[in-house]
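Okay, thanks for coming, everyone. Let me put the model up and then walk you through it.

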Amino acid sequence: MKKHYIYIVLAVLCLAAGISNAQDARHRTVTTIVADALAQMPVQNEADFTAEFKDLADSAPESVAILTGMLRPAKDTCNALMEYAIAGLVRYATRPENAKCLSAVKEGFVKAITNANDIYNLQFLTSQYRLLCPENSPAVSEKAVNVQENLTKYAQLIKSPKDNERCQALWLLAEAEGAKCEPELLKALSDPSGACRANALIIASQYIGESFAAKAATKFNKLTNDAKADVLNYIGENGIASQQGLVLKNLKAKGKLGATAIEAASKLATPSCATALASLLKNKDLKDKALEALACFHGTIPESIASVVKGRRAESFKLPEGDNEEKEYDKIYAKAAEAAKKEVKTEVNALTDEEKEQGFELLFDGTSMDKWTGNLIGYTPVDGTIYVSAKYGNESNLYTKKEYRDFIFRFEFCFMKEGVNNGVGVRTPMGVDAAYDGMCEVQILDHDAPIYKDLREYQVHGSVYGVIPAKRIVHKPLGQWECEEIRVQGDHITVTVNGEVIVDGNIREACQGHNVAPDGSDENPYTVDHRNHPGMFNERGHIGFLGHGEGVKFKNIRVLDLEKK
Amino acid sequence: MDKSRRSFIKKSAAGVAVATILPRKVFGKMGGDNNFIAPSDQLTRGIIGTGGIGRSSTHYYDDPRCRLVAVCDVDSDHLRKGIDLCKEKYGNTPQSYTDWRDLVADPNVDIVHIATPPHWHGLMAAAAANAGKDIWCEKPMTRTIGEGKKVVEAVKRNARMFRLNTWFRFTDTFYGLGTTVLPLKKLVDSGALGWPLTVRISGANGFAWKFFWTGKTNLKPEPVPECLDYDMWLGPAPYKPYNPHRVHQTFRGYWDYDGGGLADMGQHYLDPVQYILGKDDTFPVKVEVDAPQQHPDAVGTWRSITYTYEDGCKIILEGEGFESEGKVPYLEGPNGKLYKGFECTIPNVAEILNDTPDPVIRNTDFIECVLQRKHFALDENIGFHSSTIVNMGVCALRLGRTLNFDPKTQRFTGDEAANLLIDQPMRGDWKF
């Protein structure tokens with residue numbers, strides 16, 4: 001896991017060619033910035049988000065070109081990492097405080113959309129681009145009312161046999177004429193459809209106000225009982241106390257009219273209403289409704305019946321006994337949850353019989369991390385594996401508590417997403433960069449990921465980083481477990497993956513004995529990466545996992561301490 | 001439901017003669033008993049979407065006042081199951097459609113049930129209203145805030161009755177909280193806890209956020225099965241290559257169609273809170289999220305979402321696995337706290353509730369509401385307000401930042417990208 005490789009390679013190239021590439025403070029090219037960011041997708045919190053996307057945004061439009069260029073046709077591969085990055089870039093760029101980078105990001109998108117050749121990716125880019133362009137968003141304007149058009153439509157629709165069309169007609173009229181439509185609204189109170197009457201009253205409350213109730217009251221007796229009920233309901237809902245007389249007159253009416261009047265009295269909540277409702281408590285047909293109305297009464301209730309009302313209110317405060325029966329929804333959800341659970345199985349961690357005989361020690365049994373120290377937050381036991389969510393950094397690594405000199409270290413690893421970057425530190429102190437200050441780092445990398453298409457040979461999976469290139473293997477598909485063995489004896493190191501030996505070399509010979517530059521400088525001509533490796537000949541040290549981002553998990557980690565032989 | 005009461009008979013003035021000629025099938029028995037209710041007295045309904053929820057007892061309910069006469073689905077397997085279930089339960093074969101617009105236009109159908117994934121709810125509800133139908137709509141009411149506004153407008157203009165399919169504000173134990181909503185409302189109305197209040201919706205209080213509704217970012221395109229009309233399933237949603245995980249229940253994991261556990265359970269959990277706080281006519285002014293970066297297509301998980309109202313009331317959602325430690329109040333005010341099981345720090349709480357008027361909860365029987373033309377207790381307006389709480393959370397998650405909302409204009413302030421999520425483009429010819 002190294003960020004410095006491109007620096008070295010390109011710095012050398014630049015010196016040679018005399019050109020300067022766009023580089024950030026860490027001297028990274030845009031390609032590296034993109035690759036590094038992709039390895040962190042998806043970002044887990046606000047702080048990381050700002051850090052990762054600032055670099056990407058600042059290197060737009062090139063960063064956009066590289067990212068969008070990596071999108072493959074949907075049928076071929078998974079674009080998830082790039083999709084996270086592209087969408088995240090849009091999120092970042094549309095923050096008001098980041099307005100400066102907006103035009104460069106937009107420029108990148110325009111080019112990408114022009115060059116897109118896969119229809120689904122084009123659709124994705126277009127939908128993201130849309131969010132970048134506030135000046136193109138449709139204006140929020142109130143539709144201007146065309147009075148004549150409304151009146152024509154009104155005249156036509158008001159005669160319709162469909163009640164919803166007559167309702168539409170009333171709204172069109174109200175929009176066109178405002179309070180002037182009062183006569184038509186009053187006429188609508190005689191409409192046979194409750195929907196139309198209700199709509200007329202809603203329009204009246206919006207456009208006319210309380211005075212409408214008084215007008216309605218004058219033609220009250222000509223209305224049907226249902227229409228009368230609608231008017232009383234309107235009076236109650238809108239708190240039109242001036243018309244309480246009409247309500248009280250109808251308290252004892254039969255059927256819906258009387259029931260509505262009682263409800264309206266409760267809503268008006270005037271003292272007269274309270275008294276009137278109280279008197280109904282003696283009426284055997286109406287006492288239940290009256291009591292209910294008084295229980296909801298938002299006003300003063302006559303003392304004489306207050307206790308009765310309180311008793312009724314106590315009933316409504318009843319806590320349920322026992323459990324609810326399982327609802328239909330819950331059954332469906334339970335099935336889905338079961339199905340989701342089935343996809344995850346707990347991994348088994350165990351020594352083979354042969355390993356037990358040889359004296360291997362299981363370093364992780366599936367649940368306990370007690371043989372490990374360091375970043376126990378970024379490396380956690382999950383379903384029988386050690387699950388990595390650690391970020392890059394010397395404080396972010398996991399180390400064995402014990403130190404080893406000569407050993408055989410075996411483990412299994414699984415890449416869950418593209419571009420995973422980790423490593424095994426060998427004979428390393430804690431809290432340093434094992435690749436240089438430990439004996440070495442054995443690279444763990446999903447080198448098949450498109451973002452690593454320009455990888456150097458000593459960066460491929462299994463390499464003794466910067467010192468001995470590994471034979472390049474083809475990884476198993478994402479989600480499948482692979483096994484690895486690292487055998488260290490003296491200066492000799494052997495790396496075997498999925499049964500194939502990919503490194504078998506002597507680290508001292510690989511640099512001709514010069515782990516650091518003989519002239520004391522920073523450039524060491526004897527190592528493949530031309531860096532100093534001061535820790536290369538450490539006698540002993542911890543074994544570590546050197547994390548860089550989510551997406552890898554480990555299991556079956558065991559070690560044979562060869563010193564104890 | 002009062003089954004013995006004969007309902008108000010719906011008549012239209014000049015159209016009576018025409019209406020009785022139209023073929024309404026006559027059925028001898030309803031619900032297995034001998035009470036014969038003549039077809040002209042009955043309402044009828046049609047269900048769009050006969051999948052998992054569509055075929056549940058919410059839509060295939062037992063109520064002789066409303067007969068199931070039509071079903072529609074774009075998956076012929078689901079459609080067949082919907083037809084068979086109707087035959088089994090009610091003894092009749094319903095009219096079956098593959099294009100929902102035909103069901104909405106069917107003069108035989110009075111009430112349209114919408115049990116499709118959420119990306120269809122807005123278009124279908126508005127179309128049904130414009131066709132003069134009443135509507136029973138699944139939650140979340142709409143996928144975007146803009147669609148919600150359009151549904152409210154269409155339902156209002158046509159004076160239709162709309163029922164959103166959530167009900168906890170007026171009945172049933174409120175999930176794992178160990179109480180119904182009624183005493184919570186009374187407690188808040190009494191003022192005993194003080195103001196403003198903070199509500200905490202968390203696994204610690206008995207509310208699960210169903211994080212298993214997450215999407216996959218590595219879907220490989222697969223051939224569309226014979227039985228599914230994928231183009232019609234997608235409708236206004238962007239065209240993405242078919243994969244079984246996109247459809248049929250797991251669609252909940254994709255922003256194009258839904259919003260994960262937040263959108264699935266959000267209205268059930270949040271609508272009663274909106275009611276308890278008396279905020280049916282307003283919206284939060286701020287939403288903050290703490291979550292990992294969300295994928296543009298697949299819904300992920302989140303750690304917490306916090307809504308703040310203008311008067312300081314807050315609603316805090318805690319994600320699964322990120323619940324606060326220990327005993328956590330559900331309601332918290334300056335003068336008291338309320339915990340799971342109606343445990344309250346105010347000693348004389350029962351007496352206080354006695355002195356407080358009961359909240360008014362009327363019109364909780366939708367069939368009655370349709371017949372009486374009364375607004376259902378959880379109508380389109382209320383539903384729009386609580387679904388907007390959910391949807392502003394979705395916008396904040398997708399953009400990964402705090403958003404400020406203006407309740408008057410119903411738009412986000414100072415964030416144009418967020419406003420571009422209010423009205424989202426529809427594919428092809430689909431529009432309101």
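First, a working definition: when I say salt bridge, I mean a side-chain nitrogen of Lys or Arg within 4 Å of a carboxyl oxygen of Asp or Glu. Bear in mind that this is a predicted model, where local features need pLDDT of at least 70, side-chain atom pairs count only at pLDDT 80 or more, and totals for chains, interfaces and linings use all residues. As for bookkeeping, residues are numbered from 1 along each chain as its sequence is written, chains are lettered from A and ligands numbered from 1 in the order in which they are written, and side-chain values use heavy atoms, with hydrogens and water left out.

So, salt bridges. Over all chains, the structure holds 58 of them. Take A:Lys402, which forms one with A:Glu361, with 3.2 Å between the closest N and O atoms. That pair links distant parts of the chain, 41 residues apart: A:Lys402 sits in the loop between β5 (398–400) and β6 (407–415) of chain A, and A:Glu361 in strand β1 (residues 361–362). Helices (H or I, at least four residues) and strands (E, at least two) are DSSP runs here, numbered from the N terminus.

The cut-offs are under 20% relative accessible area for buried, over 50% for exposed, and partly exposed in between, with a 1.4 Å probe and protein chains only.

Now look at A:Glu355 and A:Arg558, whose closest N and O atoms are 3.0 Å apart in another salt bridge. Here A:Glu355 is in helix α20 (residues 353–358) of chain A and A:Arg558 in strand β13 (residues 552–561), 203 residues apart. A:Glu355 is buried, at 3%, and A:Arg558 counts as buried at 12%. Both belong to a salt-bridge network that also takes in A:Arg410, A:Glu485 and A:Arg487.

On to the interface. Chain B puts 81 residues into the contact and chain A puts in 71, contact meaning heavy atoms within 4.5 Å. About 6,300 Å² is buried between the chains, with carbon and sulfur atoms giving 56%; buried area is the accessible area (1.4 Å probe) that two parts lose on being put together, summed over both. On the chain B side, B:Arg157, B:Gln293 and B:Leu420 lose the most area to chain A, together 13% of what that side buries. Five salt bridges cross this interface, and one joins the side chains of A:Arg312 and B:Asp358 at 3.5 Å, N to O.

What about the inside? The largest nonpolar core has 208 residues, and A:Phe409 and B:Ile201 have the most contacts inside it. By nonpolar core I mean a set of buried Ala, Val, Leu, Ile, Met, Phe, Trp, Tyr and Cys residues joined through side-chain atoms within 4.5 Å. Leaving aside neighbours within four places in sequence, B:Ile201 touches residues including B:Phe207, B:Trp209 and B:Tyr330.

Last stop: B:Arg143, in the loop between β5 (134–137) and α5 of chain B. With 16% relative accessibility, B:Arg143 counts as buried. Its contacts beyond four places in sequence include B:His119, B:Asp258 and B:Gln424. The B:Arg143 side chain also reaches the backbone oxygen of B:Trp255 at 2.7 Å. That's my tour, thanks.

Methods
Polar contact = N/O pair within 3.5 Å; in protein donor to acceptor, adjacent residues only side chain to side chain.
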